[in-house]
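Please read this report with the sequence and the 3D view side by side. Follow each residue as it comes up.

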Amino acid sequence: ESQSEELQAQAEELQQQTEELQEQNLELEAQREQVESSSRLKSEFLSNMSHELRTPLNSILALSRVLIMRVPGKLDAEEINYLGIVERNGKQLLALINDILDLSKIEAGKMDVACREVSLLSILSVIVEGQEIIADKKGISIEMEAPDDLPPIETDEIKLHHALINIIGNAVKFTDKGKVEISVTHDSQNAYIRITDSGIGIPEESIDSIFDEFRQVDGSSSREYEGTGLGLAIARKMIKVLGGSIHVESELDVGSVFTVSLPLFCGKELSTSESRNPHYSESKSSAITDQRILLVEDNEVSIIQVKMVLESEGFL
Ligand code: ADP
(Lines give C-alpha, C1' and ligand atoms only; values in the text may rest on other atoms or scores of the structure.)
Protein backbone atom coordinates (compact mmCIF):
# COMPACT_ATOMS: atom_id res chain seq x y z
CA GLU A 1 0.00 0.00 0.00
CA SER A 2 2.82 2.39 0.91
CA GLN A 3 4.51 1.62 -2.43
CA SER A 4 1.32 2.31 -4.30
CA GLU A 5 0.96 5.61 -2.41
CA GLU A 6 4.54 6.51 -3.32
CA LEU A 7 3.88 5.66 -6.96
CA GLN A 8 0.72 7.70 -6.85
CA ALA A 9 2.68 10.67 -5.45
CA GLN A 10 5.32 10.26 -8.16
CA ALA A 11 2.64 10.09 -10.85
CA GLU A 12 1.11 13.28 -9.50
CA GLU A 13 4.49 14.97 -9.47
CA LEU A 14 5.13 13.86 -13.07
CA GLN A 15 1.70 15.11 -14.08
CA GLN A 16 2.48 18.44 -12.47
CA GLN A 17 5.85 18.62 -14.25
CA THR A 18 4.21 17.78 -17.57
CA GLU A 19 1.69 20.56 -17.07
CA GLU A 20 4.47 22.98 -16.17
CA LEU A 21 6.41 21.99 -19.31
CA GLN A 22 3.30 22.42 -21.44
CA GLU A 23 2.82 25.87 -19.97
CA GLN A 24 6.45 26.76 -20.68
CA ASN A 25 6.08 25.49 -24.23
CA LEU A 26 3.05 27.68 -24.78
CA GLU A 27 4.92 30.65 -23.35
CA LEU A 28 7.93 29.98 -25.61
CA GLU A 29 5.68 29.64 -28.63
CA ALA A 30 4.00 32.96 -27.79
CA GLN A 31 7.39 34.61 -27.38
CA ARG A 32 8.60 33.20 -30.70
CA GLU A 33 5.50 34.56 -32.44
CA GLN A 34 6.07 37.92 -30.77
CA VAL A 35 9.71 38.04 -31.95
CA GLU A 36 8.70 37.07 -35.48
CA SER A 37 5.98 39.67 -35.63
CA SER A 38 8.27 42.43 -34.23
CA SER A 39 10.91 41.54 -36.81
CA ARG A 40 8.27 41.70 -39.56
CA LEU A 41 6.96 44.99 -38.20
CA LYS A 42 10.49 46.40 -38.08
CA SER A 43 11.09 45.47 -41.70
CA GLU A 44 7.73 46.93 -42.75
CA PHE A 45 8.37 50.08 -40.77
CA LEU A 46 11.83 50.55 -42.31
CA SER A 47 10.50 49.91 -45.75
CA ASN A 48 7.57 52.37 -45.34
CA MET A 49 9.69 55.04 -43.70
CA SER A 50 12.34 54.76 -46.38
CA HIS A 51 9.67 55.24 -49.00
CA GLU A 52 8.18 58.23 -47.19
CA LEU A 53 11.64 59.78 -46.83
CA ARG A 54 12.70 59.13 -50.38
CA THR A 55 9.86 60.97 -52.07
CA PRO A 56 10.51 64.41 -50.51
CA LEU A 57 14.26 63.88 -50.68
CA ASN A 58 14.04 63.20 -54.40
CA SER A 59 12.18 66.50 -54.76
CA ILE A 60 14.93 68.35 -52.90
CA LEU A 61 17.55 66.73 -55.09
CA ALA A 62 15.68 67.37 -58.30
CA LEU A 63 15.09 71.03 -57.49
CA SER A 64 18.66 71.66 -56.39
CA ARG A 65 19.77 70.15 -59.73
CA VAL A 66 17.31 72.39 -61.59
CA LEU A 67 18.69 75.43 -59.76
CA ILE A 68 22.31 74.44 -60.37
CA MET A 69 21.56 74.14 -64.08
CA ARG A 70 19.68 77.43 -64.28
CA VAL A 71 21.73 79.78 -62.13
CA PRO A 72 25.00 80.34 -63.95
CA GLY A 73 25.37 84.10 -64.13
CA LYS A 74 22.54 84.72 -61.66
CA LEU A 75 24.20 83.54 -58.45
CA ASP A 76 27.72 84.13 -57.19
CA ALA A 77 30.27 81.34 -56.75
CA GLU A 78 29.59 80.95 -53.02
CA GLU A 79 25.85 80.55 -53.56
CA ILE A 80 26.42 77.97 -56.29
CA ASN A 81 28.73 76.20 -53.85
CA TYR A 82 25.90 76.09 -51.26
CA LEU A 83 23.63 74.48 -53.83
CA GLY A 84 26.33 71.91 -54.54
CA ILE A 85 26.48 71.11 -50.82
CA VAL A 86 22.69 70.68 -50.66
CA GLU A 87 22.88 68.28 -53.60
CA ARG A 88 25.85 66.30 -52.24
CA ASN A 89 24.34 65.87 -48.80
CA GLY A 90 20.99 64.99 -50.29
CA LYS A 91 22.65 62.29 -52.37
CA GLN A 92 24.40 60.89 -49.30
CA LEU A 93 21.13 60.76 -47.41
CA LEU A 94 19.43 59.10 -50.36
CA ALA A 95 22.19 56.47 -50.53
CA LEU A 96 21.68 55.75 -46.83
CA ILE A 97 17.91 55.44 -47.23
CA ASN A 98 18.37 53.17 -50.24
CA ASP A 99 20.70 50.99 -48.16
CA ILE A 100 18.12 50.69 -45.40
CA LEU A 101 15.44 49.88 -47.95
CA ASP A 102 17.65 47.23 -49.55
CA LEU A 103 18.31 45.61 -46.19
CA SER A 104 14.67 45.49 -45.25
CA LYS A 105 13.83 44.09 -48.68
CA ILE A 106 16.42 41.33 -48.31
CA GLU A 107 15.17 40.57 -44.80
CA ALA A 108 11.59 40.38 -45.98
CA GLY A 109 12.73 37.99 -48.74
CA LYS A 110 11.56 40.44 -51.39
CA MET A 111 14.85 40.70 -53.23
CA ASP A 112 14.47 39.35 -56.75
CA VAL A 113 17.54 38.03 -58.53
CA ALA A 114 17.71 38.94 -62.22
CA CYS A 115 20.47 36.78 -63.68
CA ARG A 116 22.18 37.33 -66.98
CA GLU A 117 25.66 36.89 -68.41
CA VAL A 118 27.91 39.69 -67.28
CA SER A 119 31.57 40.54 -67.52
CA LEU A 120 33.10 40.63 -64.05
CA LEU A 121 35.98 42.65 -65.42
CA SER A 122 33.81 45.43 -66.74
CA ILE A 123 31.92 45.62 -63.41
CA LEU A 124 35.25 45.87 -61.58
CA SER A 125 36.65 48.40 -64.05
CA VAL A 126 33.66 50.72 -63.56
CA ILE A 127 34.08 50.50 -59.78
CA VAL A 128 37.84 51.05 -59.94
CA GLU A 129 37.41 54.05 -62.23
CA GLY A 130 35.12 55.70 -59.67
CA GLN A 131 37.32 54.80 -56.70
CA GLU A 132 40.50 55.99 -58.40
CA ILE A 133 39.37 59.59 -58.02
CA ILE A 134 39.23 59.09 -54.23
CA ALA A 135 42.43 56.99 -54.15
CA ASP A 136 44.37 59.63 -56.12
CA LYS A 137 43.41 62.29 -53.61
CA LYS A 138 44.71 60.07 -50.78
CA GLY A 139 47.90 59.25 -52.63
CA ILE A 140 47.24 55.51 -52.79
CA SER A 141 46.98 53.31 -55.87
CA ILE A 142 44.52 50.67 -57.02
CA GLU A 143 45.88 47.71 -58.97
CA MET A 144 43.82 45.08 -60.73
CA GLU A 145 44.93 41.69 -61.96
CA ALA A 146 42.77 39.20 -63.82
CA PRO A 147 43.36 36.31 -66.21
CA ASP A 148 42.67 36.86 -69.91
CA ASP A 149 40.47 33.78 -70.10
CA LEU A 150 38.02 34.87 -67.40
CA PRO A 151 34.63 33.60 -68.59
CA PRO A 152 31.48 35.73 -68.37
CA ILE A 153 29.48 34.90 -65.26
CA GLU A 154 25.77 34.45 -64.82
CA THR A 155 24.65 36.71 -62.04
CA ASP A 156 22.63 39.76 -61.03
CA GLU A 157 24.84 42.60 -62.16
CA ILE A 158 23.31 45.32 -60.01
CA LYS A 159 23.57 43.31 -56.79
CA LEU A 160 27.12 42.19 -57.53
CA HIS A 161 28.13 45.75 -58.37
CA HIS A 162 26.55 46.98 -55.13
CA ALA A 163 28.35 44.38 -52.99
CA LEU A 164 31.74 44.88 -54.65
CA ILE A 165 31.60 48.66 -54.53
CA ASN A 166 30.92 48.47 -50.78
CA ILE A 167 33.95 46.21 -50.19
CA ILE A 168 36.32 48.02 -52.56
CA GLY A 169 35.08 51.39 -51.28
CA ASN A 170 35.95 50.29 -47.73
CA ALA A 171 39.42 49.13 -48.82
CA VAL A 172 40.10 52.59 -50.25
CA LYS A 173 38.46 54.39 -47.33
CA PHE A 174 40.39 52.55 -44.62
CA THR A 175 43.77 52.76 -46.39
CA ASP A 176 45.90 55.88 -46.02
CA LYS A 177 49.18 54.62 -47.47
CA GLY A 178 50.20 51.91 -49.91
CA LYS A 179 47.70 50.33 -52.24
CA VAL A 180 44.54 48.38 -52.83
CA GLU A 181 44.92 45.27 -55.00
CA ILE A 182 42.08 43.48 -56.71
CA SER A 183 42.76 40.06 -58.15
CA VAL A 184 40.36 37.69 -59.85
CA THR A 185 40.77 33.94 -60.25
CA HIS A 186 38.33 31.16 -61.05
CA ASP A 187 37.83 27.40 -61.15
CA SER A 188 35.12 25.45 -62.94
CA GLN A 189 32.42 26.53 -60.48
CA ASN A 190 33.35 29.84 -58.90
CA ALA A 191 35.05 33.15 -59.45
CA TYR A 192 37.14 34.47 -56.56
CA ILE A 193 37.59 38.21 -56.16
CA ARG A 194 40.29 39.13 -53.67
CA ILE A 195 40.49 42.69 -52.41
CA THR A 196 43.69 43.31 -50.49
CA ASP A 197 44.50 46.60 -48.79
CA SER A 198 47.41 47.95 -46.79
CA GLY A 199 45.11 49.90 -44.49
CA ILE A 200 44.33 50.13 -40.79
CA GLY A 201 43.27 46.47 -40.45
CA ILE A 202 40.54 45.04 -38.25
CA PRO A 203 41.12 43.85 -34.67
CA GLU A 204 40.58 40.10 -34.30
CA GLU A 205 37.73 40.48 -31.82
CA SER A 206 35.77 42.64 -34.30
CA ILE A 207 36.15 40.45 -37.39
CA ASP A 208 32.93 38.51 -36.72
CA SER A 209 30.81 41.57 -36.01
CA ILE A 210 31.73 43.88 -38.90
CA PHE A 211 29.12 42.21 -41.09
CA ASP A 212 26.36 43.04 -38.60
CA GLU A 213 24.10 45.98 -39.38
CA PHE A 214 25.32 49.32 -38.02
CA ARG A 215 28.48 47.71 -36.58
CA GLN A 216 31.74 49.61 -36.95
CA VAL A 217 35.07 48.90 -35.27
CA ASP A 218 35.10 52.53 -34.20
CA GLY A 219 31.47 53.40 -33.53
CA SER A 220 32.26 56.57 -31.57
CA SER A 221 30.96 59.91 -32.74
CA SER A 222 34.52 61.22 -32.98
CA ARG A 223 35.57 58.47 -35.40
CA GLU A 224 37.89 59.35 -38.24
CA TYR A 225 36.15 57.51 -41.08
CA GLU A 226 32.69 58.32 -42.32
CA GLY A 227 30.09 55.61 -42.81
CA THR A 228 26.91 54.07 -41.50
CA GLY A 229 27.97 50.51 -40.78
CA LEU A 230 25.55 49.12 -43.35
CA GLY A 231 27.93 48.51 -46.28
CA LEU A 232 29.23 45.09 -45.29
CA ALA A 233 25.86 43.88 -43.99
CA ILE A 234 24.40 44.61 -47.42
CA ALA A 235 27.40 43.18 -49.26
CA ARG A 236 27.19 39.90 -47.35
CA LYS A 237 23.45 39.57 -47.83
CA MET A 238 23.62 40.39 -51.54
CA ILE A 239 26.46 37.93 -52.16
CA LYS A 240 24.50 35.29 -50.24
CA VAL A 241 21.44 35.95 -52.42
CA LEU A 242 23.74 35.34 -55.43
CA GLY A 243 24.83 32.00 -53.96
CA GLY A 244 28.31 33.13 -52.87
CA SER A 245 30.15 34.03 -49.68
CA ILE A 246 32.63 36.55 -48.29
CA HIS A 247 35.69 35.64 -46.30
CA VAL A 248 37.88 38.12 -44.46
CA GLU A 249 41.37 38.00 -43.00
CA SER A 250 42.97 41.00 -41.41
CA GLU A 251 45.86 42.17 -39.30
CA LEU A 252 45.77 45.39 -37.34
CA ASP A 253 47.95 48.13 -38.85
CA VAL A 254 48.95 45.81 -41.71
CA GLY A 255 45.81 45.47 -43.82
CA SER A 256 42.84 43.34 -44.77
CA VAL A 257 41.93 40.80 -47.40
CA PHE A 258 38.29 40.33 -48.38
CA THR A 259 37.64 37.34 -50.66
CA VAL A 260 34.32 37.07 -52.46
CA SER A 261 33.49 33.61 -53.81
CA LEU A 262 30.84 33.80 -56.48
CA PRO A 263 29.27 30.97 -58.47
CA LEU A 264 29.89 31.26 -62.22
CA PHE A 265 26.34 30.11 -62.84
CA CYS A 266 23.22 31.53 -61.36
CA GLY A 267 21.39 28.35 -60.40
CA LYS A 268 18.23 30.06 -61.54
CA GLU A 269 16.98 30.37 -65.09
CA LEU A 270 18.61 33.02 -67.19
CA SER A 271 16.52 36.13 -67.21
CA THR A 272 13.95 36.84 -69.84
CA SER A 273 14.42 39.56 -72.41
CA GLU A 274 12.80 41.96 -69.94
CA SER A 275 15.77 42.12 -67.62
CA ARG A 276 18.18 42.12 -70.54
CA ASN A 277 16.60 45.30 -71.79
CA PRO A 278 16.10 47.84 -69.04
CA HIS A 279 12.45 48.93 -69.04
CA TYR A 280 13.47 52.56 -69.07
CA SER A 281 15.09 52.30 -72.48
CA GLU A 282 15.22 55.83 -73.83
CA SER A 283 14.76 56.41 -77.48
CA LYS A 284 15.53 59.87 -78.76
CA SER A 285 13.69 61.02 -81.77
CA SER A 286 14.43 64.44 -83.14
CA ALA A 287 11.56 64.23 -85.62
CA ILE A 288 8.95 65.01 -82.97
CA THR A 289 10.60 67.96 -81.26
CA ASP A 290 8.39 70.56 -82.92
CA GLN A 291 5.29 68.95 -81.46
CA ARG A 292 3.36 70.10 -78.39
CA ILE A 293 3.29 67.61 -75.51
CA LEU A 294 0.47 67.17 -73.00
CA LEU A 295 1.87 65.71 -69.82
CA VAL A 296 -0.37 64.62 -66.97
CA GLU A 297 1.47 64.59 -63.66
CA ASP A 298 0.33 65.43 -60.14
CA ASN A 299 3.74 65.86 -58.54
CA GLU A 300 4.76 69.50 -58.71
CA VAL A 301 8.49 68.82 -58.61
CA SER A 302 8.23 66.22 -61.35
CA ILE A 303 6.34 68.76 -63.49
CA ILE A 304 9.16 71.31 -63.10
CA GLN A 305 11.80 68.67 -63.83
CA VAL A 306 10.14 67.12 -66.88
CA LYS A 307 9.24 70.56 -68.26
CA MET A 308 12.83 71.64 -67.96
CA VAL A 309 14.18 68.55 -69.70
CA LEU A 310 11.61 68.80 -72.50
CA GLU A 311 12.24 72.52 -72.99
CA SER A 312 15.98 71.94 -73.18
CA GLU A 313 15.27 69.34 -75.88
CA GLY A 314 13.39 71.94 -77.91
CA PHE A 315 9.78 71.02 -77.12
CA LEU A 316 7.19 73.78 -76.73
P1 ADP B 1 31.04 51.62 -42.85
O2 ADP B 1 29.90 52.42 -43.38
O3 ADP B 1 31.46 52.06 -41.48
O4 ADP B 1 32.18 51.50 -43.80
P5 ADP B 1 30.71 48.76 -43.27
O6 ADP B 1 29.56 47.87 -42.91
O7 ADP B 1 31.05 48.88 -44.70
O8 ADP B 1 30.40 50.17 -42.63
O9 ADP B 1 31.98 48.25 -42.47
C10 ADP B 1 31.84 48.01 -41.07
C11 ADP B 1 33.15 48.27 -40.35
O12 ADP B 1 34.11 47.29 -40.72
C13 ADP B 1 33.80 49.61 -40.70
O14 ADP B 1 33.26 50.68 -39.94
C15 ADP B 1 35.24 49.31 -40.32
O16 ADP B 1 35.42 49.45 -38.93
C17 ADP B 1 35.41 47.84 -40.69
N18 ADP B 1 36.02 47.65 -42.03
C19 ADP B 1 35.38 47.29 -43.17
N20 ADP B 1 36.25 47.17 -44.19
C21 ADP B 1 37.46 47.47 -43.71
C22 ADP B 1 38.79 47.53 -44.26
N23 ADP B 1 39.03 47.25 -45.55
N24 ADP B 1 39.81 47.87 -43.44
C25 ADP B 1 39.59 48.15 -42.14
N26 ADP B 1 38.39 48.12 -41.55
C27 ADP B 1 37.33 47.78 -42.31
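Is Cys115 buried or exposed? The model is a predicted one. In it, Cys115 has a relative accessibility of 1%. Buried means under 20%, so Cys115 counts as buried.

## The disulfide

Cys115 has a partner. Cys115 and Cys266 form a disulfide, with their sulfur atoms 1.5 Å apart. The pair links distant parts of the chain, 151 residues apart. Cys115 sits in the loop between α2 and β1 (116-118). Cys266 sits in the loop between β7 and α6 (273-276). A search of the whole structure finds one disulfide.

A disulfide is a covalent bond between the sulfur atoms of two cysteines.

## The largest pocket

Rolling a probe the size of a water molecule over the atoms shows where empty space is left. In this model, the largest pocket holds about 1700 Å³ of space. Its lining has 43 residues. Closest to the pocket centre are Gly169, Asn170, Lys173, Glu226 and Gly227.

Which element gives the largest share of the lining? It is α4, with eight residues. Helix α4 spans residues 157-173. At least two lining residues also come from each of α2 (77-107), α3 (120-138), α5 (231-241) and β7 (255-263). By type, the lining divides into 19 nonpolar, 13 polar and 11 charged residues.

## The ligand

How many residues surround the ligand? There are 20. The closest are Asn170, Lys173, Gln216, Thr228 and Leu232.

Now look at single contacts. The side chain of Asn170 has an N or O atom 2.8 Å from an oxygen atom of the ligand. The side chain of Asp197 has an N or O atom 2.9 Å from a nitrogen atom of the ligand. With Leu232 the backbone takes part: one of its polar backbone atoms is 2.8 Å from a ligand oxygen atom.

## A residue in strand β6

Val248 lies in strand β6, residues 245-251. Its relative accessibility is 12%, so Val248 counts as buried.

How many Å separate the C-alpha atoms of Val248 and Ser47? The separation is 30 Å. Along the chain, Val248 and Ser47 are 201 residues apart.

Key: Residues are numbered from 1 along each chain as its sequence is written. This is a predicted model: local features need pLDDT of at least 70, side-chain atom pairs count only at pLDDT 80 or more; totals for chains, interfaces and linings use all residues. Side-chain values use heavy atoms; hydrogens and water are left out. On a 1 Å grid over the protein atoms alone, a cavity is a set of points where a 1.4 Å probe fits but cannot get out, and a pocket is an open set with protein on both sides within 12 Å along at least five of seven lines; lining residues have an atom within 4 Å of a point. Grid points are joined across faces, edges and corners, and a volume is the space filled by probe spheres set on the points. Helices (H or I, at least four residues) and strands (E, at least two) are DSSP runs, numbered from the N terminus. Ala, Val, Leu, Ile, Met, Phe, Trp, Tyr, Cys and Pro count as nonpolar, Asp, Glu, Lys and Arg as charged, and the others, Gly among them, as polar. A disulfide is a pair of cysteine sulfur atoms within 2.5 Å. Buried means under 20% relative accessible area, exposed over 50%, partly exposed in between (1.4 Å probe, protein chains only). A residue is near a molecule or strand if one of its heavy atoms lies within 4 Å of it. A polar contact is a pair of N or O atoms within 3.5 Å; within protein, one must be able to donate a hydrogen and the other to accept it, and residues adjacent in sequence count only if both atoms are side-chain atoms.
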